[in-house]
Amino acid sequence: MPGRHATSPNRHRCDEAAVPCSGTRWRRQIPKPVRIIQLSDIHFGAEDPAAVNAAADYVTRTAFDLLLVTGDITQLGHHGEFALAGAWLATLPGPKLATPGNHDTPWFGFLERITAPFQRYERAIGPAAQGEFMSPVLAAWACNSARGWQVRLNWSKGEVGRRQTENAIRHLRTASSEAARVLICHHPLVELPGAPMTSRVRGGRQAAAQIAGAGVDLVVTGHLHVPFVQPLPFADGLTYAVGAGTLSLRERGAPPSFNVIEIDGDNLCVTAMAWKDQRLEPDQIWRAPLRARAAGAIGRRR
Ligand SMILES: [Fe+2]
């Protein structure tokens with residue numbers, strides 16, 4: 001899976017371009033929404049096979065601008081789990097952008113978890129530390145919030161360093177003024193009220209405040225195993241935390257699901273597609289306003 005500049009030229013929009021229609025007249029092409037499909041927490045080794053197959057079928061049949069995989073692609077970080085995950089991802093169309101989760105380090109293998117925690121992930125999936133996608137309508141930056149170990153008992157919680165945040169903002173500043181800007185990582189940067197678990201991201205609130213202040217539109221994460229959309233309580237309140245559910249058997253009060261994220265002008269629509277009663281169906285839908293594109297052009301306001 002490419003981790004950097006996984007662009008697909010034939011997916012780039014030609015907004016407002018005049019195109020021929022059937023006959024001799026010409027019409028103006030209507031810009032389409034930007035569509036992102038977000039898969040998360042598949043946990044190969046504890047995956048829900050029917051839900052995984054349904055998600056793959058949906059991804060294969062649906063046009064999109066970017067496929068995101070927001071971590072915990074394996075259950076225990078076993079070689080066999082990564083082999084399954086890598087082979088499965090290779091069957092899916094792109095472009096793709098992925099980031100590891102806390103389950104993507106070797107659960108058994110303490111020394112490797114300390115010295116080379118993402119070696120297996122990088123062999124099977126792609127670069128772990130960071131990744132990027134850039135098109136005229138969408139800019140995305142992947143930031144690794146997982147750690148092989150930490151100086152605290154629960155190393156599965158997240159961390160985002162100051163330099164990671166600065167890199168994300170620096171990258172997203174280079175996007176066109178019309179592009180939607182998206183940061184992805186595994187752990188939600190701030191706690192979600194009523195969530196089934198915490199993420200306790202070191203540096204998370206500071207990162208979220210800086211990201212929101214820089215005009216980034218979405219912070220897209222996994223980890224909780226339940227889908228959600230929540231405005232971040234910083235800056236103008238128009239940066240949204242978007243979380244996806246799981247495609248594993250590790251449900252936490254919500255059925256297996258993945259997200260379809262659509263950005264149509266200044267409008268955000270997130271649909272959680274759930275696997276329920278042996279069918280895939282829209283389960284929850286969130287709609288929210290985004291900041292105006294021109295006004296949201298980070299780097300031009302500063
Ligand atoms: Fe997970």
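## Surroundings of Asn102

Apart from its neighbours within four places in sequence, Asn102 makes contact with Asp72, Ala146, Ser156 and His186. This residue belongs to the loop between β5 and α3 (110–115). Asn102 counts as buried because 24 C-beta neighbours lie inside 10 Å, the cut-off for burial being 20 or more. Gly71 is 31 residues away from Asn102 along the chain, yet the C-alpha atoms of the two are separated by 7.6 Å.

## Overall model and confidence

The structure described here is a predicted model. The protein has an average pLDDT of 85, and 85% of the residues score at least 70. Confidence is highest in strand β4 (residues 66–70), with a mean of 98, and lowest in strand β1 (residues 18–20), with a mean of 32. Two stretches call for caution. Over residues 1–30 the pLDDT stays under 50, and the model has 48 contacts beyond four places in sequence for this stretch. Residues 295–302 also have a pLDDT below 50, with 12 contacts in the model beyond near neighbours in sequence. Where pLDDT is low, predicted coordinates should not be read in detail.

The secondary structure of the protein consists of six helices and 14 strands. Of its 302 residues, 47% count as buried. Among contacts in the protein with a separation of 6 or more, 71% are between residues 24 or more positions apart.

## The six-stranded sheet

Six strands form an open sheet in the order β6-β7-β8-β9-β11-β10, and the pairing is mixed. Its edge strands, β6 (130–134) and β10, each pair on one side only. Direction ignored, neighbouring strands of this sheet are turned against each other by 20° on average.

## Strand β11 and its partners

Strand β11 (residues 240–245) is mostly covered, with six of its six residues buried. In the strand order of the sheet, β11 stands between β9 and β10. The pairing with strand β9 (residues 218–225) is parallel and extends over five bridges; here Val219 has Ala241 of β11 as its bridge partner. The pairing with strand β10 (residues 228–231) is antiparallel, with four bridges, and Val229 stands opposite Val242 of β11.

## Packing of helices α5 and α6

Two packed helices are described by the angle between their axes and the distance between the axes. For helix α5 (residues 162–172) and helix α6 (residues 204–213), the angle is about 15° and the axes are 10 Å apart. The two helices are therefore roughly parallel to each other, an angle under 35 degrees being the criterion. The crossing of α5 past α6 is right-handed. Thr165, Ala168 and Ile169 of α5 make the contact with Ala207, Gln210 and Ile211 of α6.

## Backbone features in loops

A cis peptide bond links Gly94 to Pro95, with omega about 5°. Pro95 is located in the loop between α2 (79–90) and β5 (96–99).

Positive phi values occur at His43 and Asp277, neither of which is a glycine. His43, in the loop between β3 (34–39) and α1 (49–61), has a phi of about 55°. Asp277, in the loop between β13 (267–276) and β14 (279–289), has a phi near 50°. The surroundings of these residues can be set side by side. His43 is buried, because 25 other C-beta atoms lie within 10 Å. Asp277 counts as exposed, because it has 7 C-beta neighbours inside 10 Å, and the cut-off for exposure is 12 or fewer.

Methods: Residues are numbered from 1 along each chain as its sequence is written. This is a predicted model: local features need pLDDT of at least 70, side-chain atom pairs count only at pLDDT 80 or more; totals for chains, interfaces and linings use all residues. pLDDT is the predictor's confidence in each residue, from 0 to 100. Two residues are in contact if their C-beta atoms, placed from the backbone, lie within 7 Å. Two strands pair if DSSP finds at least two bridges between them. Axes are lines fitted to C-alpha atoms, for helices over the stretch in contact, and angles run from 0 to 180 degrees between N-to-C directions. Angles under 35 degrees count as roughly parallel, over 145 as roughly antiparallel, 65 to 115 as roughly perpendicular and the rest as oblique. A crossing is left-handed if the near helix is turned anticlockwise from the far one by less than a right angle, and right-handed if clockwise.
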